[in-house]
Amino acid sequence: MHDPTFAGRRLALRATAWQAGATALLALAFIAFSVPQALGALLGGLAVAAGGWLSGRVSLGGGVAPAAGALARLLAGAMLKWVLVFGVLALGIGLGGLPPLGVLSGVLVALVVQVLALASR
């Protein structure tokens, strides 16, 4: 029997792995500019990857449920993802003093890779 929850989790995990890999490559490229830029790119990309993983765990957890419960989990997962991402970004840029260009570049790369990974199913 095919379990759609397992397939969704596997797809979300694959997207997270692609995001982490692309973020690591971007951070390696940014080392040529400066170490803080590379750390910012790494922080931004990994924040999106961690948020996506958390969203997948919350959204796809709990098994089969009525539509209202499934929608509530989906919305809770998306909300937790963006709270995590914006919180990490605020801490990295505000308290950590990382360059915003590096951090936002990491976010952008991770989001583009997430779309590509989820579309290439």
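These entries record what I looked up in the predicted model shown above.

**Basis.** I worked from a predicted model, in which local features need pLDDT of at least 70 and side-chain atom pairs count only at pLDDT 80 or more, while totals for chains, interfaces and linings use all residues. Residues are numbered from 1 along each chain as its sequence is written, and side-chain values use heavy atoms, with hydrogens and water left out.

**Overall fold.** I looked up the secondary structure and found 4 helices and 0 strands in the chain, in the order α-α-α-α along the sequence. Helices (H or I, at least four residues) and strands (E, at least two) are DSSP runs numbered from the N terminus. I noted that the C-alpha atoms fill a box of roughly 50 × 30 × 15 Å along the principal axes. Of the 121 residues, 34% are buried; buried means under 20% relative accessible area, exposed over 50%, and partly exposed in between, with a 1.4 Å probe and protein chains only. I then took contacts, meaning heavy atoms within 4.5 Å. Among those between residues at least 6 apart in sequence, 70% join residues at least 24 apart.

**Helix α2 and its ends.** The 26 residues of α2 should span 38 Å, and the end C-alpha atoms are 37 Å apart, so the two agree. After α2 comes Gly 62, with a positive phi near 95°.

**Gln 37.** This residue lies in α2 and is buried because its relative accessible area is 17%. I found a polar atom of the Gln 37 side chain 3.1 Å from the backbone nitrogen of Gly 102; a polar contact is a pair of N or O atoms within 3.5 Å, where within protein one must be able to donate a hydrogen and the other to accept it, and residues adjacent in sequence count only if both atoms are side-chain atoms. Leaving out residues up to four places away in sequence, Gln 37 touches Phe 30, Pro 99, Leu 101 and Gly 102.

**Residues of α1.** Is Gln 19 buried or exposed? Gln 19, in α1, counts as buried because its relative accessibility is 1%. Beyond four places in sequence, its contacts are Val 48, Ala 49, Ala 110, Val 113 and Gln 114. Ala 29, also placed in α1, is partly exposed at 43%.

**Helix α3.** I found 29 residues in α3 and a reach of 41 Å from first to last C-alpha, close to the expected 42 Å. Its buried residues are Gly 77, Lys 81, Val 85, Leu 89 and Gly 92, and their cover includes α2 and α4.

**Largest pocket.** I looked up the largest pocket, which holds about 230 Å³ of space. A pocket is an open set of points on a 1 Å grid over the protein atoms alone, where a 1.4 Å probe fits, with protein on both sides within 12 Å along at least five of seven lines; lining residues have an atom within 4 Å of a point. Which residues lie nearest its centre? Of the 16 lining residues, these are Ala 12, Gly 52, Gly 56, Gln 114 and Leu 118. Helices α1, α2, α3 and α4 each supply at least two lining residues.

Methods. Grid points are joined across faces, edges and corners, and a volume is the space filled by probe spheres set on the points. The expected span of a helix is 1.5 Å times one less than its number of residues.
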